[in-house]
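Visitor: I've got a model to look through, and I'd like to know what stands behind each label. Can you take me through it?

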Amino acid sequence: LQYMQVLGPARVVASTDCGFATTGKSTVLTEDIVWLKLKSLAQGARLATERFLNIGGPAPTSVAYSPTGFRVTILGDARQAGLQLLQGELGRRAWSLDVVPMEAGVERCYDRLKHSVDTPVAIVAAGPEEAAFAEQVLALLARDRNISRRPHVLFAFGSARPGLESLGALPRAPEQAVAAAEAVQRRMQAGMVFDKRQLAPSSVLASAPQAPPAQVDVVIIGAGLLGLHAAVQLRRRGFTVAVLEKRMIVGGIWSMYANSHSQVNSSEGGYSLKDVLGEAGANRDHSTAREMITDIGKLAKEVDGSIYCGVSVAKVLKRSGGYNVVSQTEGAGMQVTSARGAVLAINDRVGMPRPCHWPGQEAFRGTVTSGTNDNLSHVSWQGKRVVVVGMGAFAIENARTALEHGADHVTVVVRRHGTVCPKIIDYLNFVKPFDANFQHDATTNIKQMQSWSSLHRRSG
């Protein structure tokens, strides 16, 4: 870890010592010892990587986002023996499982799939005829441009052609059903993993932290979504910028506090980056952490040479015609950067992690941990009874995640009851026009909340 901090991780390689060469054929060094040493070497490298990427962060977080869920729609007769075997195996791996017979018709199947926007959907066709049916449904979904959907992936038994994933023959035995279900899961989750090492700027990988320049047009403090967005916009307009980040990777709260299953919980328009990245951006409705961090990584790549990691800002001092930003870089001491402008792209809504401890906690045989920083990525929620303490954004997220992953029951314990309302309320507020002072007409806000509150009470 010390070498990585001085030279940069790209210049440090974990390797075996000379004993592996000189005693490789010796009976003293047995095969089991060799593999144990190599295992320890790999574990040590992973541990050093985790610690390096977490330098400057208030609490450790994961190195990679784990895969999120997917839904499955099977096209075929649910009474077929092969499909009955498959349903059980897919049901254990998917967030939801739906079986639609061809007799339902293309339009009805389209109606059942058109609102599946929160996760990718695997469409599994029982045979060639069902695969052709599925292609008609997918064509209708492709023509519907009213909403941004996640991918629909077509799998088929007994059919192999471009545009679908072949699963071979319909299962006749339990082990064949397991193999087919695993193939679907691998394909659906292949693109869901995000390695946060991709968020380390090139300067971090190749050297010790670099001190920021003495003068730029604009200093941006914080390399989260806002800071990088501002840097890209300024650079495209011809300004020189320096983005100062305390951690060794960019991404702000999305790479630090967010969980693998976190999603945007505010008006989507406020998070959309398509005006900057184009339609190829991963960001879409109710975006996942992986989608957000993928787009953040694209922003960072565009301004890679202007990002300075491992830099702590001590003061921002106003002066005539601009600002002096006083910072400290590990190994390089204090610096002063003169700038015409300074942007504080810092988050003051998510505070420092606050440890909690309750009497008798040590005797509890379950899992007790915070619901942030990907601390629950290893937990199997299936069949669990879950207690969530608090009612902030992360509390509601963890309640949702537990239920989506098969928890039997979730209890939310709060000191004061918060309000969880449909995001349409927030969205309607967002799309209202601004006036000359960049203000909304607040009159309709009250009407919207009153209408929703009345419906909420009447629903019981």
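Guide: Let's begin with a term: a salt bridge is a side-chain nitrogen of Lys or Arg within 4 Å of a carboxyl oxygen of Asp or Glu. By that rule Glu-89, Arg-92, Arg-93 and Glu-182 are linked in a network of salt bridges. Keep in mind that this is a predicted model, where local features need pLDDT of at least 70 and side-chain atom pairs count only at pLDDT 80 or more, while totals for chains, interfaces and linings use all residues. Residues are numbered from 1 along each chain as its sequence is written, and side-chain values use heavy atoms, with hydrogens and water left out.

Visitor: What makes Glu-182 and Arg-93 a salt bridge?

Guide: Their side chains come to 3.8 Å, N to O, and the cut-off is within 4 Å, so the pair qualifies. Glu-182 lies in helix α7 (residues 174–189) and Arg-93 in the loop between α4 (81–91) and β3 (96–100), so the bridge ties together parts 89 residues apart in sequence. Helices here are DSSP runs of H or I with at least four residues, and strands are runs of E with at least two, numbered from the N terminus. The whole structure holds 14 salt bridges, and the protein chain has 15 helices and 15 strands.

Visitor: Why is Glu-182 called partly exposed?

Guide: Buried means under 20% relative accessible area, exposed over 50%, and partly exposed in between (1.4 Å probe, protein chains only). Glu-182 has 33% relative accessibility, so it counts as partly exposed.

Visitor: And what about Glu-291 and Arg-150, how do you know that they pair?

Guide: The N to O distance in that salt bridge is 2.7 Å. Glu-291 sits in helix α12 (residues 289–302) and Arg-150 in the loop between α6 (128–143) and β5 (152–156), so parts 141 residues apart in sequence are tied together. Glu-291 is at 4% relative accessibility, so it counts as buried. Arg-150, at 3%, therefore counts as buried too.

Visitor: Which relative accessible areas go with Glu-165 and Arg-187?

Guide: Glu-165 has 31%, so it is partly exposed. Arg-187 has 35% and therefore counts as partly exposed. Their side chains meet in a salt bridge at 3.1 Å, N to O. That pair links distant parts of the chain, with Glu-165 in strand β6 (residues 165–166) and Arg-187 in helix α7, 22 residues apart.

Visitor: How do you know that the span of helix α3 is close to the expected one?

Guide: The expected span is 1.5 Å times one less than the number of residues. Helix α3 (residues 31–53) has 23 residues and reaches 33 Å from its first C-alpha to its last, close to the 33 Å expected. Its buried residues are Ala-48, Thr-49, Phe-52 and Leu-53, and their cover includes α1 (2–7) and α8 (202–206).

Visitor: What makes Ala-214 exposed?

Guide: Ala-214 has a relative accessible area of 58%, so it is exposed. This residue lies in the loop between α8 and β8 (215–221). Leaving out residues up to four places away in sequence, Ala-214 touches Val-336, Thr-337 and Ser-338; contact means heavy atoms within 4.5 Å.

Visitor: How many residues of the chain are there, and what share is buried?

Guide: Buried residues make up 38% of the 460 residues in the protein chain.
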